Amino acid sequence: MPENPMPENTVPDLEALKKEAALRAVALVQSGMRVGLGTGSTARYAIEAIGERLASGELQGVVGVATSDASETLARQVGIPVEPLDPRPLDLAIDGADEIDPQLNLIKGLGGALLREKLTEVQARRLVIIADHTKLVTRLGEKAPLPIEIARFGFLSTIERLRELVPGGRLRQPGAQPYVTDNGNYIYDAQLPQDLDATALERQLKGTLGVVETGFFLGMADLAFVAAPEGVRELKR
Ligand SMILES: O=C[C@H](O)[C@H](O)[C@H](O)COP(=O)(O)O
């Protein structure tokens with residue numbers, strides 16, 4: 001008899017759910033598409049699945065635009081040709097999210113990739129979000145902080161300015177040094193208020209000196225595949 005047997009179904013297998021959501025989105029990829037490749041543990045499953053469909057010959061001529069150095073490396077490893085972002089529209093972008101509200105507004109960037117994600121996904125004809133059910137919220141900021149990418153130069157002054165808008169928050173610093181993004185910037189993780197007006201706050205943050213980009217993705221996602229133990233929900237904006 002095993003010691004301390006774990007009761008069945010007490011720990012949901014979030015990885016299996018993330019993969020299930022990713023596969024639903026990857027089914028939308030067609031030959032010849034230029035696809036925005038997201039970043040994070042869920043987007044990873046999508047990149048791998050696109051690579052598998054290319055390797056099997058089921059897909060041909062797909063080109064990826066990567067939203068981080070890590071996703072670019074993975075895409076190349078699994079055989080997806082990667083191009084830099086240029087002004088042409090992308091047919092589709094597939095990415096994870098940290099929070100998804102009922103209108104498919106998002107918080108992204110807990111993995112640090114928000115700037116390249118936003119630059120890429122704003123050019124996508126369709127942004128498809130993939131996630132497990134723990135990412136669903138009734139209001140943005142319910143569970144996650146809002147990542148705000150800020151310039152390193154003068155970052156303490158920028159943080160002072162940010163604290164006037166969103167008092168709770170801290171510089172992301174996983175160890176002795178601050179976290180540095182692919183773009184060489186820092187991230188301030190802001191705690192959002194309960195009475196959040198995300199559109200107004202986004203405007204104020206974008207007007208704050210030293211702020212490079214925020215993790216608000218408002219009105220950008222068209223579709224989300226959200227996997228839960230009872231199945232994958234398809235949410236549309
Ligand atoms: O910066 C990271 C990205 O916005 C990710 O897409 C987001 O953090 C979700 O990542 P994961 O799928 O690992 O939860």
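**Strand pairing and domain contact in the predicted model**

Val 128 stands opposite Leu 223 of strand S12. This position belongs to a predicted model, and the two strands concerned are S6, covering residues 127-132, and S12, covering residues 223-228. S6 and S12 run in the parallel sense, and their pairing extends over 5 bridges.

S12 also pairs with strand S13, which spans residues 231-236. Here the sense is antiparallel, and 6 bridges are found. Within this pair, Val 226 is placed opposite Arg 233 of S13. S12 and S13 together form a hairpin, with 2 residues between the strands.

At the level of the whole protein, the domain assignment gives two parts: domain 1, made up of residues 14-138 and 218-236, and domain 2, made up of residues 146-213. The centres of domain 1 and domain 2, taken over C-alpha atoms, are separated by 25 Å. Domain 1 contributes 13 residues to the contact, and domain 2 likewise contributes 13 residues. On the side of domain 1 that touches domain 2, helix H4 (residues 114-121) supplies the largest share, with 4 residues. By class, that side of domain 1 consists of 6 nonpolar, 4 polar and 3 charged residues.

Note on methods
Residues are numbered from 1 along each chain as its sequence is written. This is a predicted model: local features need pLDDT of at least 70, side-chain atom pairs count only at pLDDT 80 or more; totals for chains, interfaces and linings use all residues. Domain bounds come from an automatic or database domain assignment. Two residues are in contact if their C-beta atoms, placed from the backbone, lie within 7 Å. Ala, Val, Leu, Ile, Met, Phe, Trp, Tyr, Cys and Pro count as nonpolar, Asp, Glu, Lys and Arg as charged, and the others, Gly among them, as polar. Two strands pair if DSSP finds at least two bridges between them.
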